[in-house]
Amino acid sequence: MTPPSLPLLTHQHQRTAACLLSWSNWNCPTWLLWMLWAWLSPAWAHQHSHPHSIKIPGDITLGGLFPVHAKGPSGLPCGEIKKEKGIHRMEAMLYALDQINSDPDLLPNITLGARILDTCSRDTYALEQSLTFVQALIQKDTSDIRCSNGEQPIIRKPERVVGVIGASASSVSIMVANVLRLFEIPQISYASTAPELSDNNRYDFFSRVVPPDSYQAQAMVDIVKALGWNYVSTLASEGNYGESGVDAFVQISREAGGLCIAQSMKIPRDPKPGEFDKIIKRLMETPNARGVIIFANEDDIKQVLEAARRANLTGHFKFVGSDSWGAKSSPILDHEDVAEGAVTILPKRASIEGFDQYFTSRSLENNRRNIWFAEFWEDDFRCKLTRPGIKLDPEKKKCTGNERIGRDSPYEQEGKVQFVIDAVYAMAHALHNMHQDLCPGAIGVCDKMDPVEGRLVLSYIRSVNFNGSAGTGVLFNENGDAPGRYDIFQYQMTNTSNPGYKVIGQWTNNLRLNVEEMQWSGGDRQIPDSVCSFPCQPGERKKMVKGVPCCWHCELCDGYQYQADEFACEMCPFDMRPTPNRTACRPTPIIKLEWHSPWAIIPVFLAILGIVATLSVVITFIRFNDTPIVRAAGRELSYVLLTGIFLIYLITFLMIAEPGPVVCAFRRLLLGLGMCITYSAMLTKTNRIYRIFEQGKKSVTPPKFISPTSQLAITFILISFQVLGVFIWFGVVPPHTIVDYEEQRPPNPELARGVLKCDMSDLSLICCLSYSIVLMVTCTVYAVKSRGVPETFNEAKPIGFTMYTTCIIWLAFVPIFFGTAQSTEKMFIQTTTLTVSMSLSASVSLGMLYMPKVYVIIFHPEQNVQKRKRSFKAVVQAATMSTRLSQKSNSDKQNGETKLEPDRMQ
């Protein structure tokens with residue numbers, strides 16, 4: 001690295017400075033340090049005679065670098081005083097020190113002092129001044145130095161500076177940082193924003209509480225993307241600011257992708273006549289790139305706007321300006337209509353109320369520590385202080401000392417005051433955390449912090465995180481940069497009471513833009529386009545044009561595809577379908593049979609009627625439990641059979657109810673159980689009748705197992721097979737629900753549906769009913785065999801008619817159930833068919849077996865009387881005779897006139 005030239009230095013001095021600027025880890029020879037000391041001695045002597053620094057005593061000393069004066073004219077380092085950027089900022093450091101020293105919780109029992117220097121807004125002068133900070137770190141051999149009387153001089157040991165606050169200009173900070181890093185003195189700047197200071201290899205001891213300009217470029221990229229632009233041009237004033245800003249914008253946009261630069265032009269330092277007209281003409285070579293990113297000074301901005309007006313392009317270009325444009329009115333003066341809609345950014349600032357109170361209360365009497373305050377006082381109030389030996393200028397009024405800032409002179413807080421205060425507090429918090437770790441419980445500075453190690457202080461600085469003076473967080477990244485915080489403005493003319501800049505958003509590492517508050521030329525709320533190709537419609541993917549990354553064609557995602565990103569379509573998961581605009585997948589609607597559906601109303605109506613009828617029969621039988629008709633019907637098996645009929649009706653509600661583990665379990669159990677109970681009881685009855693009369697043909701001895709207890713036992717044994725099979729099914733495959741997405745998945749995804757059902761396939765349903773069907777068929781066979789027995793003595797014929805009818809119903813059920821397997825209404829048709837068929841089967845059984853008996857019991861009680869008991873032999877003989885007579889003569893038959901009472905036979 002080439003060292004900067006130092007003013008008024010000998011060749012040897014320049015070699016010393018060169019060594020300092022290239023020195024790392026104390027590699028310079030000792031003789032060069034001695035030469036540096038020899039060179040500095042007269043400078044320090046000069047400073048003591050003409051003070052250019054403020055000394056605030058304290059336990060720990062901080063350095064401060066502020067541009068108290070402007071650059072001086074040729075031959076002089078310093079010029080006129082800078083009231084805002086100099087005095088305001090320097091007083092902000094003094095204010096922060098006062099606040100910290102009075103805070104019992106921050107660095108308790110430790111006083112922060114300061115050594116504050118004037119940089120005079122010149123990098124070389126600032127370098128010379130900053131050497132004051134490193135003098136305590138240089139070991140000086142004074143053994144050969146003698147006073148005029150021959151005695152050794154008494155040299156006061158300079159204070160040790162543990163950290164430096166400053167500088168302001170980036171060029172000054174760069175120069176100073178090169179020296180301070182050699183002596184490992186941390187530095188925190190409050191105003192330097194050059195991107196190169198983010199290089200942690202070259203400026204490892206440099207930190208700053210303001211964001212670097214690279215963040216500004218990032219914010220502008222985010223704004224462009226938020227506006228939906230992907231095709232923009234750039235304009236830069238020739239020089240470090242404009243060119244580095246545009247370079248950062250282009251680099252960030254290239255890394256981010258999706259943003260192309262149509263034109264990139266540079267405005268010369270000394271533009272020729274017509275230069276700006278040529279620039280506008282070149283911008284119009286890509287008319288779709290309406291967005292123009294501009295890093296330029298105020299004069300260039302004004303010239304660009306004027307050229308756009310001459311080309312009759314008012315409202316065509318939409319500018320995005322850097323902080324050099326900010327919220328200034330001078331660049332757009334007389335060209336407001338061309339600038340309308342321009343988006344600009346400015347670092348976020350806050351006015352510190354406490355500082356206003358502090359600064360406006362400063363006077364010549366209470367602010368003697370500021371050696372430049374008298375000069376500020378004269379400049380601010382345009383008066384002259386009387387000094388011994390200096391004649392008062394008659395053209396200037398005499399200062400009374402009673403003037404007050406803000407009352408007798410205009411006052412507005414300088415924009416960087418907040419950052420100066422935050423920089424001092426950052427250093428204080430770092431020292432506080434360091435003291436807590438190294439000196440736990442110690443009062444004041446302990447031995448471990450005397451002297452303070454610079455690299456250790458740096459590590460604590462980089463780890464601070466606290467709320468600053470404006471309430472925003474103060475922290476640093478690995479490069480020592482503070483988070484970027486910007487206010488975003490838009491220049492608006494229409495629909496506003498006061499035309500001007502309006503805050504429309506913020507940027508703090510990420511963009512927050514209130515697009516709804518933006519308006520463009522003529523008050524239009526629609527964001528103008530600045531694209532090569534217009535965005536694809538939702539559900540369309542981009543097919544890029546080769547070699548032109550910001551131009552593309554659009555292709556629609558079809559079928560069950562959705563737009564995964566702007567370049568690809570992907571299939572939705574099996575249980576999902578694309579949204580109408582195909583930008584995402586949404587769950588496929590899940591359907592089930594609803595209670596209010598016509599497919600459910602009819603089965604439910606039939607089931608309710610059947611349950612009412614069944615309960616009526618049960619109540620009637622219980623009420624007339626000991627009457628002959630009830631006893632002759634076989635009370636025990638009748639109640640079992642009626643229970644089965646009730647369960648058959650009940651299964652309708654389970655088949656329509658929303659599937660769930662409990663509902664599915666009861667479906668498995670009751671779907672076949674009701675029919676199993678019904679037909680087991682019927683089979684036991686027909687078998688009993690058949691065996692009785694078959695036995696009667698051979699002997700007068702009654703057959704075995706015809707008692708009520710035996711009949712119940714046989715029935716429950718038959719039922720147990722069904723129950724056992726269901727519980728084995730439970731163990732092998734626990735009941736659960738499934739959603740069948742394949743059943744209704746047509747080519748049009750809008751018609752796709754998922755069917756919520758129990759884990760019962762058509763085959764498992766038939767298997768569940770198969771045992772009941774076997775019982776039904778067996779019962780039908782016995783009914784056919786018993787058809788010759790006269791109905792006067794048994795129920796064989798009603799049971800037979802019941803079974804014939806039931807078989808017809810189930811024969812009709814099979815083709816309907818399986819013939820609708822491909823229908824979109826499959827679930828509804830099959831459920832309705834099944835439940836109606838079961839309800840009809842139960843109704844046939846109930847109507848043919850029990851309704852005639854209930855009719856006689858209720859409406860003809862005279863027939864419900866006890867007949868004379870006969871022996872088994874007499875009964876069989878009478879039945880045989882009756883059969884013969886019925887075959888010869890087709891006489892009338894009266895049901896229930898002579899009923900067999902098997903449960904009372906001995």
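E594 is partly exposed, as its relative accessible area is 31%. This residue belongs to a predicted model, in which a search of the whole structure finds 22 salt bridges and eight disulfides.

**Salt bridges**

- E594 pairs with K592 in a salt bridge whose closest N and O atoms are 3.2 Å apart. K592 counts as buried because its relative accessibility is 18%, under the 20% limit.
- D204 and R181 form a salt bridge, with 3.2 Å between the closest N and O atoms. The two residues are 23 apart and link distant parts of the chain: D204 is in the loop between β7 (187-189) and β8 (206-208), and R181 is in the loop between α5 (170-180) and β7.
- D204 has 16% relative accessibility and therefore counts as buried, whereas R181, at 21%, counts as partly exposed.
- A salt bridge also connects D481 to R208, the closest N and O atoms being 2.8 Å apart. Because D481 is in the loop between β17 (473-475) and β18 (485-492) while R208 is in strand β8, the pair ties together parts 273 residues apart in sequence. D481 and R208 are both buried.

**Disulfides**

- C383 and C399 form a disulfide with their sulfur atoms 1.8 Å apart. The torsion about the S-S bond is about 95°, so this disulfide is right-handed.
- C383 is in strand β14 (residues 383-384) and C399 in the loop between β15 (397-398) and α13 (417-438); the pair links distant parts of the chain, 16 residues apart. C383 is buried at a relative accessible area of 1%, and C399 counts as buried at 8%.
- C439 and C446 are joined by a disulfide with 1.7 Å between the sulfur atoms. Their link is left-handed, with -55° about the S-S bond, and both cysteines are buried.
- C536 is joined to C554 by a disulfide, S to S 2.0 Å. A torsion of about -90° about the S-S bond makes this disulfide left-handed.
- C536 lies in the loop between β20 (511-513) and β21 (540-545), and C554 lies in strand β22 (residues 548-556), so the pair ties together parts that are 18 residues apart in sequence. C536 is buried, with a relative accessible area of 17%, while C554 is partly exposed at 34%.

**Strand β5**

- Strand β5 (residues 112-118) is mostly covered, with seven of its seven residues buried.
- The cover extends to both faces: L112, A114, I116 and D118 are buried on one side, and G113, R115 and L117 on the other.
- β5 pairs with strand β1 (residues 53-56) in the antiparallel sense over four bridges. In this pairing, S53 stands opposite L117.
- β5 also pairs with strand β2 (residues 60-66), in the parallel sense over seven bridges. The bridge partner of I60 in β5 is L112.

**Surface patch**

- L724, I728, V732 and V733 form a nonpolar patch on the surface, and together they have about 370 Å² of accessible area.
- V732 lies in helix α19 (residues 708-732). Its relative accessibility is 64%, so V732 counts as exposed.

How values were computed. Residues are numbered from 1 along each chain as its sequence is written. This is a predicted model: local features need pLDDT of at least 70, side-chain atom pairs count only at pLDDT 80 or more; totals for chains, interfaces and linings use all residues. Side-chain values use heavy atoms; hydrogens and water are left out. Patches are made of residues with over 30% relative accessible area and no salt bridge: like charges are joined within 9 Å, nonpolar side chains (Val, Leu, Ile, Met, Phe, Trp, Tyr) within 5 Å. Accessible areas come from the Shrake-Rupley method with a 1.4 Å probe; for residues, only the protein chains shown count as cover. A salt bridge is a side-chain nitrogen of Lys or Arg within 4 Å of a carboxyl oxygen of Asp or Glu. Buried means under 20% relative accessible area, exposed over 50%, partly exposed in between (1.4 Å probe, protein chains only). Two strands pair if DSSP finds at least two bridges between them. A disulfide is a pair of cysteine sulfur atoms within 2.5 Å.
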